[in-house]
Amino acid sequence: MHSTPRAHVSRAEGFTLGLIATGAVSVGIAALVAIVQRAIGVFGDSPTVPMPVTGGDVEALDGVADVTAATYTAADVTFTSLPTGVSWMLLLEGALPALATIGVCAIAWWLGVSLIRGRPFRASMPAAIGIVACLVIAGGLFGQLAGAWGRAMLVEHLSATDDAVTDVFWIFLVQLDLAPIGWGFALALVATAFQLGTRLQRETEGLV
């Protein structure tokens, strides 16, 4: 019984795959740097937090041609400092999606290297992609919930000294983005395809 010869990629294909793998690593490093920068921002002095507000009219656009209405629904608010619990929640808001990005980049790098070596259908690849799919969904949704909960905690903290802030800031507001669920399902489908590819590769090698 002879083993199946390994298919080697061409030089051009290897260069393209190497470029993609390098790009994935670069994006992953950038996501890690973003987490550090966000931690410095929310735990440092005079942090600025985007806050959803009840809104109002943008009077500067009154009378502008072709503009029928203009309102604002958010404001960048700078605080002297943030409560520790709020800082952690706001950190998770950015860190969880960034961690999901790092996971996707790690899979892209691993897949690129595996393709260069001519062994894309590794036994552990479907499970790894499935884990990243769950990470994308959880990171996207829980990140949004953490941000909303942190801002609610901040409004509660401010209202303890001035009830008027509840007339400006939403007490609790989640502007849910369902895109992470779609990306997670897409990755789950890719994981299923790799599972089938791994099984077919194993069966083919057994026949040769």
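**A guided reading of the predicted chain**

The protein chain has four helices and two strands, where helices (H or I, at least four residues) and strands (E, at least two) are DSSP runs numbered from the N terminus. Along the sequence these elements follow the pattern α-β-β-α-α-α. The radius of gyration of the protein chain is 24 Å, well over the 17 Å that the globule rule gives for 208 residues, so the chain is more spread out than a compact globule. This radius is taken over C-alpha atoms, and the globule rule is 2.2 Å times the number of residues to the power 0.38. The C-alpha atoms fill a box of roughly 80 × 45 × 25 Å, taken along the principal axes.

This is a predicted model, in which local features need pLDDT of at least 70 and side-chain atom pairs count only at pLDDT 80 or more, while totals for chains, interfaces and linings use all residues. Residues are numbered from 1 along each chain as its sequence is written, and side-chain values use heavy atoms, with hydrogens and water left out.

The interior may be considered next. Of the 208 residues, 30% count as buried; buried means under 20% relative accessible area, exposed over 50%, and partly exposed in between (1.4 Å probe, protein chains only). A nonpolar core is a set of buried Ala, Val, Leu, Ile, Met, Phe, Trp, Tyr and Cys residues joined through side-chain atoms within 4.5 Å. The largest such core has 19 residues, of which Met 51, Phe 79, Leu 154 and Phe 169 touch the most other members. Two or more residues are given to this core by each of α1 (11-43), β1 (48-57), α2 (84-116) and α3 (125-159), and α2 provides the largest share, five residues. Leaving aside residues up to four places away in sequence, Leu 154 touches Met 51, Phe 79, Leu 82, Pro 83 and Val 86, a contact being heavy atoms within 4.5 Å. A second, separate core of nine residues includes Ala 128, Val 132, Val 136 and Phe 194.

Most residues other than glycine have a negative phi. Ser 46, however, has a positive phi of about 50° although it is not a glycine. Ser 46 is found in the loop between α1 and β1 and, at 45% relative accessibility, counts as partly exposed. Asp 66 likewise has a positive phi, near 70°. Asp 66 lies in the loop between β1 and β2 (71-78), and its 82% relative accessibility makes it exposed.
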